[in-house]
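Subject: A structure for you to look at

Hi there,

I am passing a structure on to you, with some notes on what turned up in it. Please have a look at it first, and then read on below.

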Amino acid sequence: MTSLSVSARPILTDRRTMLALLLVGMLVVFSQISPALVRPTLLVDITKFGVVVGLLALGQTLIILSGRGGIDLSVGSALSLSGIVMGLAVSAGVPVWPAAGIAIVTGVLLGAFNGFLIAVVGIPALIGTVGTLFLYGSLALVISGGRAISGYGEAGFPFIGQGTVLNVPAQLLLVLLPAYAVVGWLMARTRFGRTIYEVGNGDRAARLVGRSPRALRFWLFCISGGLAGLGAVVTNSWLQTARPAAGSGFELQAVTIAVLGGTHIFGGRGRLSGTFLALFVVILLNAGLQFNGVDQVWQSGVLGLLLIGSVVLNNLLSGEGDE
Amino acid sequence: MVNARLERIRRLAIWVLLAAQLVAFSFLLPNFLTAGNLGNVIVNSAGLAIVAAAMTFVIILGCIDVSVGSMLGVLAWLTGWLTTTQDMPVVAVLGIVVATGALMGSLNGSIVAKGRMTAIIATLGMLFVWRSVLYGLWGGRDLFAPPLVPWLGGMRIGVVPVVGLIALAVFAVLASVAKRRRFGRDIYAVGNDRQAARLNGIPVDRRIIGAFALLGALVGLAAVMQMARVGVVQAFTGRDFELGVIAAVLIGGTSITGGRGSLSGTLGGVLFVAVLQNGIVLSGVPPLWNGVALGAFVLIAVGSDVLLERRSGQEVPA
C-alpha cells in the first residue's frame, strides 16, 4: 500500500495528468451542450486556431523557465510588427518567401533588443517587455499608417496557413509540431536544455558550474522573438493580410498557456509537454465559447480569470508565492 | 541604499527635462505657450495626474497595476449610467463611483496580497476581466451622458482650471500621507524589503490592499472627471490609459523595483508626459507616435535608473 501511494502521488499531482483530465472533462461537457463541435474532423480543424499562439507560448515557456522573473510580454506586438515589415517588403516588390525570411529575422532582432534591455542593461523583464509591448505595437501602427497590407498569393505561400495534409491543417503539421519537436529535443538531450533548468533554479549556482545566465537569457529572448516572427508568417499566409494589431492580446494567451501548463512563474520548474497540453485546453475552451456565440472580448476575460486561477493554483501547490 | 548625491541628481533630472521640453516647444510651436493651450494641457491631464499620484504608492510598494485603463472604462460607464437613468445629485454619483472604484481596487489588491501573485500578472489578467465587464455593460451601444457639472470638466477660475486645483490637492494630501502617516512610511518599508517589513510587524497584506483600493478610488474620481469632460463611453474607453500613468510615475523617478520614489517626482513626470502629448498634437505628428514616444521614455527612465543603481554598487533585484 505504502509503495503504491508513493508511486501514485507524482502521477496524480502531475500537472499533465490534471490537464489531460481537464481536456476529457471539457470534451464530455461540450458533447452535451454543443454536440456539433465534438466531431473528430472539426476537433482537428480547430487546432489551427492555436498554432500561432502555441509558437508564442513555446518561447514564453523557455523564458519563464530561465527564472529571475523572466517573461516576454512583447510577443504579440513583435508578431504584429514582424508581420507589417513582411507586408511592406512584399509591397516593395520582394518575393514572398524571402519576405517571410525577413519577418523571422525582424522577430529575432526585436527579441535581441528585449534581450539587450533585460540581460545586458538589467531592466526587470516585466517592465522592459511592457515597454517594448507598447513600443513595437505603436511602431507597427506608425509604419503601416494603421492600415492592413494585403497580397501574398504567389508561389504556394498560402498553403502554410490554409492548406491541409490528410485533413490536418498544414500549419499544425509543418510549423507547430516540428517547432515543439525541435525544442523538446533540445530541452531533453542537449546542454542548452540543462542550462535553462540550472539557470532557472538560481543564477549563482549556475555560474558556479560555468554557465552564463546573461548569455542564455539574451538568446532565449531572440528565440522568443524569432517564434513571434514565424507566427507572423503563418498569420500572413493564413489571412493573406498583415494587420498592424494582428498580435494584440496574444501575450496574455501565451503567458496563460505557459503558466496553466505548470511552468512556475519564478522559473526552474515546468515542462514543454505541459505547455503543449495547456495549449489544447485553451484552444478547446475558446472554440467551445465561440461555438456557443460567446464574443471574443468575453473569451479574453475568461482567459484573464484562467491566468489568475492557474498562478494561484501553482502557488498553492508549491506552497510558495511572491515574497 | 543609493547614495544621496545620485538620489539628488535623479530627483532634479525630471525638472531639468521638463524645463528643456518647455523651452523647446515654446520655440518650435507658436501656439504652445498660450494660457488657453496650457489650460487645455491641465484639463486633459488632470485625470492622469490623480491616478498617477496613487500609482506612485503602488509602485513604491514594489507592485504595479496595469488594469487602471479598463477600470476607468467600467467606472466611466457607471458614471454615465447613474447620471442618465438614476437622476442623482452629482455628489451621490461621485460617492458611488469612488466607492465602487475602491472596491474594484481592493479586489485587485487582494488577489496580489492573498493570492501571493506578482502584481503585473494579476492585474494583466484583471485588465482583460474589467474590459470584458465594460463590454458586457456597454452591450453594443455607446452611452452618452449630459454634461455632469462644469467644475469637474473644463471650468476655469480666471485662467486656472478647477480640475487642476483638485489634482494639486490630491498630490498635497498623498505627499503628506507619504511623509507623515504610518501608512506612507509602511509602504516604503514594504517596498524596500517585504520579508523584513513582515517581521517588523507591519501588516503587509493590509497595506497592499489599502494602496490598491486608494488607486481604485482615484480611478473613480478620474472617471467622473472624464465623463464631465467627454460625456460618452465606448467599448474601448480608457484603453492604453495605464501606459501614460505608469510612464509618468517611472519618468518621475520612482523605482520600478519598489522602495524609492516621491509624489513631487510623479508630478514632474505627469507634466512631462502631458506636455509631450500636447506637443505631438500641436506639431501635427500623427498621434500614433504617442505610444512610441511613451514606450521609449519608459525604457530610458527605467534603464538609466537601473544603470545608476548598478554604478552605485547596489544589486538590482529581478
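Let me begin with the core. The largest nonpolar core has 205 residues, and the members that touch the most others are B:V51, B:V58, B:L218 and B:V224. Helix α9 of chain B, residues 204-229, gives the most to this core, with 17 residues. In soluble globular proteins, nonpolar side chains tend to be buried together.

Chain A has an average pLDDT of 87, and 94% of its residues score at least 70. Among the elements of chain A, helix α4 (residues 51-65) has the highest mean pLDDT, 96, while helix α1 (residues 2-13) has the lowest, 50. Where pLDDT is low, the predicted coordinates should not be read in detail.

Now for chain A as a whole. Its secondary structure comes to 15 helices and 4 strands. Does its radius of gyration agree with a compact globule or depart from one? With 323 residues, such a globule would have a radius near 20 Å, and chain A has 20 Å, so the two agree. Along the principal axes, the C-alpha atoms of chain A fill a box of roughly 70 × 55 × 35 Å. Of the 323 residues of chain A, 52% count as buried. Among contacts in chain A with a separation of 6 or more, 79% are between residues 24 or more positions apart.

The two chains also meet. The contact takes 37 residues from chain A and 37 residues from chain B. On the side of chain A that touches chain B, helices α6 (96-121), α7 (125-144) and α15 (296-318) of chain A each supply at least two residues. The residues of that side divide into 21 nonpolar, 13 polar and 3 charged.

A:N167 lies in the loop between β2 (164-165) and β3 (168-169) of chain A. A:N167 is not a glycine, yet it has a positive phi of about 70 degrees. A:N167 counts as exposed because 9 other C-beta atoms lie within 10 Å.

In chain B, helix α4 has 25 residues and reaches 35 Å from its first C-alpha to its last, close to the 36 Å expected at 1.5 Å a residue. This helix of chain B is followed by B:R116, which sits in the loop between α4 (90-114) and α5 (119-138) of chain B. B:R116 has a positive phi of about 50 degrees, although it is not a glycine. With 17 other C-beta atoms within 10 Å, B:R116 is partly exposed.

Finally, B:S264 is found in helix α11 (residues 263-282) of chain B. B:S264 has 17 C-beta neighbours inside 10 Å and therefore counts as partly exposed. From B:S264 to B:V204 it is 60 residues in sequence and 25 Å in space, C-alpha to C-alpha.

Enjoy exploring it!

Best wishes

How values were computed. Residues are numbered from 1 along each chain as its sequence is written. Chains are lettered from A and ligands numbered from 1 in the order in which they are written. This is a predicted model: local features need pLDDT of at least 70, side-chain atom pairs count only at pLDDT 80 or more; totals for chains, interfaces and linings use all residues. pLDDT is the predictor's confidence in each residue, from 0 to 100. Two residues are in contact if their C-beta atoms, placed from the backbone, lie within 7 Å. Ala, Val, Leu, Ile, Met, Phe, Trp, Tyr, Cys and Pro count as nonpolar, Asp, Glu, Lys and Arg as charged, and the others, Gly among them, as polar. A nonpolar core is a set of buried Ala, Val, Leu, Ile, Met, Phe, Trp, Tyr and Cys residues joined through C-beta atoms within 7 Å. A residue is buried if 20 or more other C-beta atoms lie within 10 Å of its own, exposed if 12 or fewer, and partly exposed in between; C-beta atoms are placed from the backbone. The radius of gyration is taken over C-alpha atoms; the globule rule is 2.2 Å times the number of residues to the power 0.38. The expected span of a helix is 1.5 Å times one less than its number of residues.
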